[in-house]
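Please look through the sequence and the model shown here before reading on.

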Amino acid sequence: MVTLPWENQTVMEFVLKGFSSIQELNIFLFMMFLVLYILIISGNTLIVLLVLFNHPLHTPMYFFLVNLSFLEMWYTSNIVPKMLLTILARQKTISVAGCLAQFYFFGSLAATECLLLAVMSYDRYLAICQPLHYPILMTGPFCIRLATSSWLCCFLLTTITMVLLSRLTFCGPNEIDHFFCDFAPLVHLSCMDTSLTEMIAYATSSAVTLIPFLFITASYSCILAAILRIPSGTGRQKAFSTCSSHLTVVMVFYGTLIATYLVPSTNSSHLLHKGFSLLYTILTPMFNPIIYSLRNRDIHEALKKCLSKKPGFLR
């Protein structure tokens with residue numbers, strides 16, 4: 001019986017293969033992802049600052065938008081800096097503890113985004129379908145409770161999966177054919193029975209993605225019905241414009257997420273999986289501030305107001 005070199009050994013670190021199959025493009029990939037990362041941080045920071053320093057934007061909708069922008073910055077920063085290092089570095093390693101931590105924050109933040117998008121759809125539902133009750137129902141303390149619950153719920157749920165993953169033994173091979181520590185490629189490297197871990201992980205991930213998606217679908221069905229009942233075309237256009245940005249973000253986020261996990265898990269599809277993963281880890285966080293900036297009159301006005309302000313010594 002042949003003994004493989006990694007048998008009976010406990011893995012202390014993983015190798016993130018990343019985009020090693022296209023090494024001739026490493027410099028190009030590094031520069032491209034670096035520029036995209038800078039755009040993500042800059043765009044989302046701009047949204048946060050515009051909302052914080054413009055009193056007319058201190059409304060529930062923009063409060064949740066600040067939460068979403070802050071999440072996108074943290075979400076991307078959890079993955080991209082390490083990815084940039086592995087693109088250029090010869091040693092593309094990450095410790096087991098570091099890998100588990102990266103997965104924990106990735107899973108928690110992705111789940112939190114699902115709940116925040118659902119909360120934002122509820123906000124738009126109340127604003128359009130129950131405008132008279134909106135100021136009474138969507139109060140400041142209630143908004144804080146909704147946002148806080150979204151964050152805490154997802155971080156606690158992901159902790160369950162994290163505890164199960166931390167109890168697994170990894171004894172080789174130690175190569176992860178991805179640019180970050182995602183659940184599927186990580187759990188497949190364990191030399192223990194992972195059926196319970198996979199079952200609980202998929203149950204919790206399905207709950208925090210499918211239930212919010214169904215809630216968002218139901219909310220927008222009610223919103224669409226309410227908009228169609230508005231007699232004037234101008235009124236319908238104004239009502240739709242208040243939720244069009246959020247609806248676009250939902251479609252982009254869930255579209256890329258569904259496309260990623262509908263791709264069959266075969267050796268030939270690894271590069272395709274990485275490509276789709278880039279959509280929701282980099283492109284979606286970059287597009288969100290662009291979508292809200294291009295399609296939102298309030299953001300336009302706040303930006304114009306900030307740009308028109310002159311330094312004190314010029315006044």
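The term pLDDT stands for the predictor's confidence in each residue, on a scale from 0 to 100. In this predicted model the protein chain averages a pLDDT of 83, and 90% of the residues score at least 70. Over residues 1-8, however, the pLDDT is below 50, and beyond near neighbours in sequence this stretch has four contacts in the model, a contact being heavy atoms within 4.5 Å. Residues are numbered from 1 along each chain as its sequence is written. Because the model is predicted, local features need a pLDDT of at least 70 and side-chain atom pairs count only at pLDDT 80 or more, while totals for chains, interfaces and linings use all residues, and side-chain values use heavy atoms, with hydrogens and water left out.

Helices (H or I, at least four residues) and strands (E, at least two) are DSSP runs, numbered from the N terminus, and two strands pair if DSSP finds at least two bridges between them. Three strands form an open sheet of mixed pairing, in the order 2-1-3. Strand 2 (93-95) and strand 3 (175-176) stand at the edges with a single partner strand each, so one side of each is left without a neighbour in the sheet. Strand 1 (residues 13-16) runs parallel to strand 3 and is joined to strand 3 by two bridges; Leu16 has Ile176 in strand 3 as its bridge partner.

Rolling a probe the size of a water molecule over the atoms shows where empty space is left. On a 1 Å grid over the protein atoms alone, a cavity is a set of points where a 1.4 Å probe fits but cannot get out, whereas a pocket is an open set with protein on both sides within 12 Å along at least five of seven lines, and lining residues have an atom within 4 Å of a point. Grid points are joined across faces, edges and corners, and a volume is the space filled by probe spheres set on the points.

| Space | Volume | Lining by class |
|---|---|---|
| Second largest pocket | about 640 Å³ | nine nonpolar, nine polar, five charged |
| Second largest cavity | about 30 Å³ | five nonpolar, three polar, no charged |

Of the 23 residues that line the second largest pocket, Lys238, Ser241, Thr242, Arg297 and Asp298 lie nearest its centre. Helix 9 gives the most to this lining, with ten residues.

Technical notes. Nonpolar A, V, L, I, M, F, W, Y, C, P; charged D, E, K, R; others polar.
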